[in-house]
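This report describes one protein chain for a reader who has not seen it before.

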Amino acid sequence: MGKTTAITESITEKSYNRQDWQRGYESQPDEYDYPVGEIEGQIPVELRGTLFRNGPGLLDIGGTPIAHPFDGDGMISAFTFDNGRVHYRNRYVRTEAYIREKAAGKPLYRGVFGTMKPGGWWANALDFRLKNIANTNILYWGDKLLALWEAAEPYRLDPRTLDTIGPDYLDGILQEGDPFSAHPRIDPGCLFDDDRPCLVNFAAKPGLSSQFTIFEFDRAGKLLRRHSHSLPGFSFIHDFAITPNYCIFFQNPVSFNPFPYLLGLKGAGECVTYEANQNTRIILIPRRPPHEDVKVVEIPSGFVFHHANAFERENTVCIDSICYDSLPRVDPDSSYKEANFEALDPGRLWRFTVDLQANSVKKELIESRCCEFPTLHPDRVGRDYRYLYIGTAHSPTGNAPLQAILKLDLQTGKRQLHSFAPRGFAGEPIFVPKPGGTEEDDGWLLAPMYDAAKHRSSLVILDARDLTTPVAIAHLKHHIPYGLHGSWTGEVF
């Protein structure tokens, strides 16, 4: 199934079939709990811990299709590794909205990206209730397993069973309905805490003026620092980056027209418009108290969902990000399953180097291949680094679904591609360091892959030093709909 090339393509025609790709968006209504018995290769005995993944598992509600995958209810998958074996379990996050809609057998809430309640605009107008779908990321920190969705509070789960415990307000830090980003960053050694690891996250409240609140937590989940900042203009920010001294945000050039949302004609996400004639603002907020010297620089427009990493060099800060030339509008009159990839701008990896003294930015293209979902060694987060791993299209040009994993050597420029084309589709890889590893690429990549030929998903284990041949492939009995993000913990549940 897998095939590695040294950026030499063996598939000359289009690398995927649209119908194959579409099947990965079928709902998975079932919940499973079983040891994975079909394994190619051999799972390393040293690989011990749990991979948690999150993503929309239901693409319909009682048979009514949702308008966009981002509106789908969160389904958690857990792959537990111990003694050369792997166990799979999945459960839906039993949010209040999920329970109510399951009982009703129909949509009861409006989705941010266009899912509507039955009854037309009249039934949806002036209904501003927010459905917490807990579908974007999953994190084990401070002895808590938290399902994250950036517009509301986390949901806590039992890490052993994945049973839902309920909303978690982080020991009173959050109030009901408070946002908490789905993209936390773990600083491997905080300057302000005797080089101990800490979790850094943010909450964004957009409006005519946008408010950002930054939180930092110790290993036990105790709040270390919290500070808020107000910035002019509407913000649509999904991710951020950290360095030892800064939290970094890209304020994308978008506007928001609330009236179609208020009148029940569109979801909030459908009311966001990309403004190509405006600049993107890079905002650097100091992590060191009193957090006052906020720096803002501007670059020509571009849209960023995800950042790969950031680091400091003398008087500069470098940010490596997936940047799109434009943001396509969510079209309520067309299905996301009919996406015309060739007509859309691909995400590409850029480096933005901010000169802190000159207050200027230099932009450099690192990878032109369509790519998303970057990962790296966790010890290099916020630090200068050499290796980056990222989901990519099979072909070197154009836009297409992710079908491969790419290793970038940022020092030598060498690239290595492991492709699942033509019938395999890749998800976000996660880097797991090898015990006792001494090099930055001493580790494994755990990458979900949807196999359209058998309509099932597999977890592919690649040696991060050499992607040529998978170390092992754990084949599930069923498919997992395309997911979003995940995380690794050395805990065996």
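This is a predicted model: local features need pLDDT of at least 70, side-chain atom pairs count only at pLDDT 80 or more; totals for chains, interfaces and linings use all residues.

Residues are numbered from 1 along each chain as its sequence is written, and side-chain values use heavy atoms, with hydrogens and water left out.

**Whole chain**

The chain holds four helices and 36 strands; these are DSSP runs numbered from the N terminus, with helices being H or I of at least four residues and strands E of at least two. Its radius of gyration is 21 Å, close to the 23 Å that the globule rule gives for 493 residues, so the chain is as compact as a globular protein of that length. That radius is taken over C-alpha atoms, and the rule is 2.2 Å times the number of residues to the power 0.38. The C-alpha trace spans about 60 × 55 × 45 Å along its principal axes.

Of the 493 residues, 58% count as buried. Buried means under 20% relative accessible area, exposed over 50%, and partly exposed in between, with a 1.4 Å probe and protein chains only. Among contacts (heavy atoms within 4.5 Å) with a separation of 6 or more, 61% join residues 24 or more positions apart.

**Aromatic rings**

A search of the whole structure finds 32 aromatic pairs. Rings of Phe, Tyr and Trp (its six-membered ring) pair if their centres lie within 6.5 Å; planes under 30 degrees apart count as stacked, over 60 as edge-to-face and the rest as tilted. Two of the pairs are set out here.

| Pair | Centre distance | Plane angle |
|---|---|---|
| Tyr-25 and Tyr-336 | 5.2 Å | 80° |
| Phe-311 and Tyr-385 | 6.1 Å | 75° |

The pair of Tyr-25 and Tyr-336 is edge-to-face, and so is that of Phe-311 and Tyr-385. Tyr-25 lies in the loop between α1 and β2, and Tyr-336 in the loop between β24 and β25, 311 residues apart. Both Tyr-25 and Tyr-336 are buried. Phe-311 is in strand β23 and Tyr-385 in the loop between β27 and β28, so their pair ties together parts that are 74 residues apart in sequence. Phe-311 is buried at 0% relative accessibility, and Tyr-385 is buried at 6%.

Tyr-25 and Tyr-336 also belong to one aromatic cluster, with Trp-21 and Phe-341 among its members.

**A buried serine**

Where is Ser-321 placed? Ser-321 is in strand β24, and Ser-321 is buried, with a relative accessible area of 0%. Its side chain makes a polar contact with the side chain of His-307, at 2.7 Å. A polar contact is a pair of N or O atoms within 3.5 Å; within protein, one must be able to donate a hydrogen and the other to accept it, and residues adjacent in sequence count only if both atoms are side-chain atoms. Not counting residues up to four places away in sequence, Ser-321 touches residues including Phe-250, Arg-348 and Trp-350.

**Backbone features**

Most residues other than glycine have a negative phi, and most peptide bonds are trans. The bond from Pro-289 to Pro-290 is cis, with omega near 10°, and Pro-290 lies in the loop between β21 and β22. His-291 lies in the loop between β21 and β22 and has a positive phi, near 60°. His-291 is buried, with a relative accessible area of 10%. Glu-314, in the loop between β23 and β24, has a positive phi near 50° and is exposed at 82% relative accessibility.
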